[in-house]
Amino acid sequence: MPSTRPVRAAADFAARAEDPDRIRSTLAHVVQAGWCHPQDLHTELRAARLLSRPAVRAAAGELLAGVRSIAEARARDTIEGTDLPTPLWNARLHTPEGAFLASPDAYWPDEGVALEIDSAEYHYTRDAWQATLRRRLRLEAHGVVVVSATPSMIRDSPAEVLAALRALLTLAGSRPAPPAALARGHQQLLLFRTG
């Protein structure tokens, strides 16, 4: 049976797809599922000369920035169109002692504010919901304030999500103690030029 590496299959899909959301979703899924590293996917897309296509270039850039889903990509688009500071996407947060806390979808380290995008598909079984609540308790116990939203809220009422983020980011400056959570090992990967 003929087969190929997931990174190549994703590039082949991107070469033929027209819908930007399907391109975003498919490329994000390949990375989120752990089938390849964003840098490897970017290298494959560049070698196939697909980065000249705006939708492919945008999706690859999102993945290099740390975005791992279409809902996160929409949130990133929404936040980039504002005066809000740029967050870290899917940063791994640790206690000062080095214990892992969580990896929120978006995180503002200076303010200690996190955005969590919870879809019914991944968060609303009993066990998943319990895990989500435990993760939030860990974050909040270390001074991180969490804004929760669903993908449909990001898509249909982004102003509400932005208002909540803006309010918490503003309030964070007046907190007496900074959050006790550190984003370790997180960096946005470099986007190589297409030429």
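Does serine 157 count as buried or exposed? The model is predicted, and in it serine 157 has a relative accessibility of 19%. Buried means under 20%, so serine 157 counts as buried. The points below place this residue in the chain and then turn to the helices and the sheet.

**Serine 157**

- Serine 157 lies in the loop that separates helix H8 (151–156) from helix H9 (158–172).
- Between serine 157 and serine 25 there are 132 residues of separation along the chain, and their C-alpha atoms are 21 Å apart.

**Helices H1 and H3**

- Two packed helices are described by the angle between their axes and the distance between the axes.
- For helix H1 (residues 6–16) and helix H3 (residues 38–47), the angle is about 50° and the axes are 9 Å apart.
- Angles from 65 to 115 degrees count as roughly perpendicular and those under 35 degrees as roughly parallel; the angle here makes H1 oblique to H3.
- The crossing of these two helices, H1 and H3, is right-handed.
- On the H1 side, the contact is made by Val7, Arg8, Ala10, Ala11 and Ala14, and on the H3 side by Asp40, Leu41, Glu44 and Leu45.
- Of the residues in the contact of H1 with H3, six are nonpolar and three are charged, while none is polar.

**The surroundings of H3**

- The buried residues in H3 are Pro38, Gln39, Leu41, His42, Glu44 and Leu45.
- These buried residues of H3 pack against H1, helix H2 (20–32) and helix H4 (54–65).
- An α-helix has 3.6 residues a turn, so residues three or four places apart point the same way.

- An open sheet is formed by three strands in the order S3-S2-S7, with antiparallel pairing.
- Strand S3 (100–102) and strand S7 (182–183) are at the edges and have a single partner strand each, so one side of each has no neighbour in the sheet.
- Two bridges join strand S2 (residues 93–94) to S3 in the antiparallel sense.
- Histidine 94 has phenylalanine 100, in S3, as its bridge partner.
- Helix H7 (residues 126–141) packs on the sheet and touches S2 and S3, and the direction of H7 makes about 115° with that of S3.

Note on methods:
Residues numbered from 1 in each chain as written. Predicted model: local features only at pLDDT ≥ 70, side-chain atom pairs only at ≥ 80, totals over all residues. Heavy atoms only, no water. Axes fitted to C-alpha atoms, helices over the stretch in contact; angles between N-to-C directions. Helix = DSSP H or I, 4+ residues; strand = E, 2+ residues; numbered from the N terminus. Parallel < 35°, antiparallel > 145°, perpendicular 65-115°, else oblique. Left-handed = near helix turned anticlockwise from the far one by under 90°. Contact = heavy atoms within 4.5 Å. Nonpolar A, V, L, I, M, F, W, Y, C, P; charged D, E, K, R; others polar. Pairing = 2+ DSSP bridges. Buried < 20%, exposed > 50% of the residue type's maximum accessible area, 1.4 Å probe, protein only.
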